[in-house]
Amino acid sequence: MAFEGSCHCGKVAYRVDADPPRQAMACNCSHCRRKGFLLAFFPAAQFTLERGEDDLKSYLFYKHNIEHRFCTTCGAQPFAIGNMPDGSVMAAVNLRCVPGIDVDALEIQKVDGASF
């Protein structure tokens, strides 16, 4: 079953052709910690940007391996695109931008990204 997410103002919207996750990653790196991300990762083939490409900008930091995409109108960062360790392209979905997911019900996997 697919699920959908968006930025706050709705100009950017996406669809993930996968079951909604029951787990999320919470990273303590300087970027994720400041923004409060709860992330789930999906193969790029399961991710479709439905609208808003022209309303997105990218932010790169550290090793520039992940293209963090944010809406230029509302500033929300609903997803990122990057490479998995095996080189395959993935979408990192910010589950806080998916209205149909109860983030309080997710099993949270803590990642010590501050030590990378």
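Helices (H or I, at least four residues) and strands (E, at least two) are DSSP runs, numbered from the N terminus. The model is predicted, so local features need pLDDT of at least 70 and side-chain atom pairs count only at pLDDT 80 or more, while totals for chains, interfaces and linings use all residues. Residues are numbered from 1 along each chain as its sequence is written, and side-chain values use heavy atoms, with hydrogens and water left out.

**The largest pocket**

- A pocket is found on a 1 Å grid over the protein atoms alone, as an open set of points where a 1.4 Å probe fits, with protein on both sides within 12 Å along at least five of seven lines; lining residues have an atom within 4 Å of a point.
- Grid points are joined across faces, edges and corners, and a volume is the space filled by probe spheres set on the points.
- The largest pocket has a volume of about 750 Å³.
- It is lined by 28 residues, of which Met-25, Cys-27, Tyr-62, Ile-66 and Phe-116 are the closest to its centre.
- At least two lining residues come from each of β3 (23-27), β4, β7 (66-71), β8 (79-83) and β9.
- The lining consists of 20 nonpolar, seven polar and one charged residue; here Ala, Val, Leu, Ile, Met, Phe, Trp, Tyr, Cys and Pro count as nonpolar, Asp, Glu, Lys and Arg as charged, and the others, Gly among them, as polar.

**Nonpolar cores and aromatic rings**

- In soluble globular proteins, nonpolar side chains tend to be buried together.
- A nonpolar core is a set of buried Ala, Val, Leu, Ile, Met, Phe, Trp, Tyr and Cys residues joined through side-chain atoms within 4.5 Å; buried means under 20% relative accessible area, exposed over 50%, and partly exposed in between (1.4 Å probe, protein chains only).
- The largest core contains 22 residues, and Tyr-14, Val-16, Val-93 and Leu-95 have the most contacts inside it.
- To this core, β2 (13-16), β4 (39-43) and β9 (89-94) each supply at least two residues.
- A second, separate core has seven residues, among them Cys-27, Cys-29, Leu-39 and Val-111.
- Rings of Phe, Tyr and Trp (its six-membered ring) pair if their centres lie within 6.5 Å; five aromatic pairs result, and ring pairs link Tyr-14, Phe-47 and Phe-79 into a cluster.

- His-31 is located in helix α1 (residues 30-35) and is buried, because its relative accessible area is 7%.
- Apart from neighbours within four places in sequence, His-31 is in contact (heavy atoms within 4.5 Å) with residues including Tyr-59, Phe-61 and His-68.
- Cys-29 sits in the loop between β3 and α1, and its relative accessibility of 11% means that Cys-29 counts as buried.
- Not counting residues up to four places away in sequence, Cys-29 touches Phe-61, Gly-113 and Ala-114.
- Which distance separates Cys-29 and Asp-17 in space? They are 28 Å apart, C-alpha to C-alpha, and twelve residues apart in sequence.

**Asn-83 and Asn-65**

- Asn-83 belongs to strand β8 and is partly exposed, because its relative accessible area is 47%.
- Asn-65 is in the loop between β6 (56-59) and β7.
- These two residues, Asn-83 and Asn-65, are 18 residues apart in sequence and 6.8 Å apart in space, C-alpha to C-alpha.
- Leaving aside neighbours within four places in sequence, Asn-65 is in contact with Ile-81, Gly-82 and Asn-83.

Technical notes
Rings of Phe, Tyr and Trp (its six-membered ring) pair if their centres lie within 6.5 Å; planes under 30 degrees apart count as stacked, over 60 as edge-to-face and the rest as tilted.
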